[in-house]
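Please view the sequence and the model before reading on.

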Amino acid sequence: MFESATLPGDPGTAPAADAWDRDRWAAHADRMLAAVAPYTSPAGSLVTLPGAEGGYGRAIDGLEGFARTFLLAGFRLAGERGADPHGYADRFAAGIAAGTDPASPERWRRLSEHAQAKVEAASIALMLDMTRPWIWDRLDARVQEQVVDYLAEAVGDDTYPRINWVWFRLVVQTFLRSVGGPCSLTEMRADLATHDTFVRADGWLADGPERSFDHYNGWALHLYPTLWARMAGAEDLAAPRREHDVAQLDRFLGDALALIGGDGSPLIQGRSLAYRFAAAAPFWVGAMAEVPSHTPGRLRHAASAVVGHFATHGAPDDDGLLTLGWHHAWPRIAQAYSGPGSPYWASKGMLGLALPADHPAWTAPAEPLPVQEADVLRAVAAPGWIVSGTRADGVVRVVNHGTDHALPGDDVGDSPLYARLGYSTATSPWLDEESWASPADQSVALLDTTGRASHRAGFEVLQGPRIEGEGTTAVGVAASRAHARWLEVEPGQRDHGSGRRGATTPAGTLTTVSLVRGPWEVRCVRVEELPDRAAPTALRVTGWPTVDGDGLDSRLDPLVGSWAAGTESRDGADPLGEGARVPFLDTQPAPGRWAAVLLTLRRGPDPVADEPATCTLDGADAVVRWPDGVTTTTRLV
C-alpha cells in the first residue's frame with residue numbers, strides 16, 4: 001500500500017497515509033472535543049475558548065465555539081450510526097435547549113440580533129438533520145418549538161450577503177421545511193439561482209461577482225451542495241441538480257488535488273486561513289458524492305495528508321486546542337470577523353468521519369497525491385493560475401494572473417491574500433499591516449520617492465493561463481496588465497480579506513508575463529507608460545518570501561536589463577516563522593522596453609539545475625535557456 005513519500009531534509013513531511021485509518025481520525029476528533037469541554041458554559045450552549053475577544057464580542061464567540069464543535073461531534077455520531085460512548089448527543093442536545101431558550105441566561109444571539117448568528121445557525125441546522133435520530137427526534141416538543149422559532153428568522157430575511165452566505169439561509173430553511181416549520185420555496189430557489197451565478201470554468205466557483213478564488217471553493221461552495229442534497233427537506237429541489245453539481249465537483253477536484261504539497265500543506269492563499277485543515281473538506285465531499293474520476297483511496301489520502309500536516313506542526317496544540325494561526329498561534333492571520341472559536345470550522349476537514357467504517361473512503365487502498373507521483377504543470381483557467389509542483393521537494397507553487405478579490409478596473413489596494421503574483425504550499429505572503437499598504441513579496445511594482453510600492457488589483461487579464469509544449473519542454477504561460485497606483489490607506493477599515501481602500505495616485509501601466517517550469521519562473525516585465533508627474537524612482541520585482549529554518553532556496557536572478565539586487569527583512573510579517581525576508585531586484589523604469597528576471601523556489605539543492613539561465617527577447621518571443629539546460633521559445637503578448 002502506498003505511503004507518503006519522505007522528502008529528504010523536509011521537516012514538515014506528512015505522516016504515512018496508512019497511519020490515518022479511521023480509528024486515528026476518530027481519536028483525533030475525540031481529543032479535540034475533549035479539549036474544548038472545559039470551556040463550555042454550565043448549561044452547555046456556549047463554548048468560549050481561550051484567547052482575545054473576537055471581533056463580534058464574547059456572546060458570538062461562545063455561539064461560534066458551540067456550533068463549530070457541533071459539526072465535529074455530529075460527524076462522529078453520524079459515522080458511528082448513533083453509537084455514542086462519549087455522550088456527544090446529550091452534551092449538544094443540552095446546549096441546544098439552553099441556547100434556543102429566550103429566557104436562558106445562556107441564550108444564543110438571535111439571527112435578527114447579529115449577522116454572525118446566521119452563519120452558525122446553518123451548522124446547527126445541518127447537524128440536527130444529519131444526527132436526526134439521536135438528537136432532534138429525542139428533543140422534547142418544547143425544545144423543538146424553540147429551535148424552530150430560533151431558526152425561523154432566516155425566512156424572509158433578505159440581508160444575507162450574496163456570496164457563500166446564501167447557503168446559510170438555504171440550509172436553515174431546508175431543515176425547517178423537513179420538520180414542518182416555516183420556509184419559503186421562493187427564497188430557497190433564489191438562493192440556488194444565486195449559487196449558480198458563481199459557476200466558473202472547470203468546476204471552480206467564485207465567492208460572489210469578484211475574482212474571489214480561495215479555499216471557500218472547497219470548504220463552502222462545493223461542500224454545501226453535496227451535504228444539502230442529503231438533507232431530508234431537499235430531495236425534490238436537489239434531484240434535478242445532483243448530476244451537474246457532482247460533475248462540477250469532480251472537475252474541481254482534479255485541480256484541488258494538484259494544489260496540495262507533498263508534505264500535506266494546502267496552498268497558503270486566501271482569507272480565513274485560520275480554518276486550516278478545513279481545506280481537506282472537498283476531498284471528503286468527493287468521496288461522499290462518489291465522483292467518478294477520483295478514487296476513494298486518493299481522496300482519503302489527500303484529506304489525511306492535510307490534517308496530518310497540521311497535526312505534525314502543532315495544530316491542534318499540546319492542549320488539543322485550535323488557536324488563531326496557521327501552524328501555531330499567530331493572531332494576525334485572522335480577519336475582523338474571527339474569534340477564538342472561528343478556527344473550528346476546521347471540523348469540516350473531518351467530514352469523512354460521517355462516513356461509516358465500511359465505506360470505500362475508509363476501505364480502499366491509499367493512493368498518492370499528484371505531486372508525490374510526478375512533477376505537476378497545470379493551467380487553471382478560472383483563478384488564472386499556473387500550478388507548478390516538483391516531486392523532488394514536494395513544493396507546489398501558483399503563479400497568479402487572475403485572482404485579486406476585485407473586479408477588473410477596481411481602484412483598490414492589493415490584498416496580500418489574493419493579489420500577489422505567487423503563492424505556494426511552502427511560503428506565506430507577508431501579512432503585517434505595512435504589506436497591505438505597500439506590497440513587499442511576489443510583486444511587480446513601481447516605487448515612489450518614499451520607497452512605497454504600487455498596487456495592481458483590478459488588473460486586466462491579457463492571456464488566460466495555458467501550457468505550451470509537452471514533456472520536458474512544457475512551459476506554463478500567463479499574462480496581465482495593471483494600471484499601477486500608489487495607495488494612501490484610509491484608516492479604520494475592518495479586515496475582511498479584500499484589499500484596503502483609500503486615495504490613489506497613478507504610477508504607470510505595467511505588463512507582466514510569466515513563463516513557468518518546475519521551480520522556476522521567468523518574469524518578463526514592460527512599463528507601457530508613465531503618467532505625467534508620476535516619476536517613479538524604480539521598477540521593482542520581488543521574489544518568494546522565506547523564514548529562518550524553512551530549508552527553502554528563494555532566489556531572484558537578473559536576465560534582461562540592468563538590475564540592482566537587495567533583500568528586505570521584516571519581523572512579525574510571516575505566520576511561518578521569524579527572520580522573514582524576500583529578495584528584490586530594482587531597475588530604472590524604461591517605457592516600451594522589456595526586462596526579465598528568474599525566480600526560483602525549491603527546498604534543498606537541485607542536483608540537475610546548476611547552469612545559469614539566459615533569456616533573449618527576440619521581437620515578440622522570449623527564448624529561455626533554463627537552469628537545467630532546456631531551451632524554450634514562447635510568444636509573450
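In β14, Thr-600 is the bridge partner of Trp-520. The model is predicted: local features need pLDDT of at least 70 and side-chain atom pairs pLDDT 80 or more, while totals for chains, interfaces and linings use all residues. Residues are numbered from 1 along each chain as its sequence is written, and side-chain values use heavy atoms, without hydrogens and water.

Strands (E, at least two residues) and helices (H or I, at least four) are DSSP runs numbered from the N terminus; two strands pair if DSSP finds at least two bridges between them.

| Pair | Residues | Bridges |
|---|---|---|
| β7 and β8 | 475-489 and 502-517 | 14 bridges |
| β8 and β9 | β9: 520-529 | 9 bridges |
| β9 and β14 | β14: 594-603 | 7 bridges |

Val-489 stands opposite Gly-502 in β8, and Thr-512 stands opposite Val-525 in β9. The hairpin of β8 and β9 has 2 residues between the strands, and Gly-518 takes a positive phi near 55° there.

Elsewhere, the axes of helices α5 (residues 141-151) and α6 (residues 166-178) come within 10 Å and cross at roughly 145°; axes are lines fitted to C-alpha atoms over the stretch in contact, with angles from 0 to 180 degrees between N-to-C directions. Val-147, Val-148 and Leu-151 of α5 make the contact (heavy atoms within 4.5 Å) with Val-172, Phe-175 and Leu-176 of α6.
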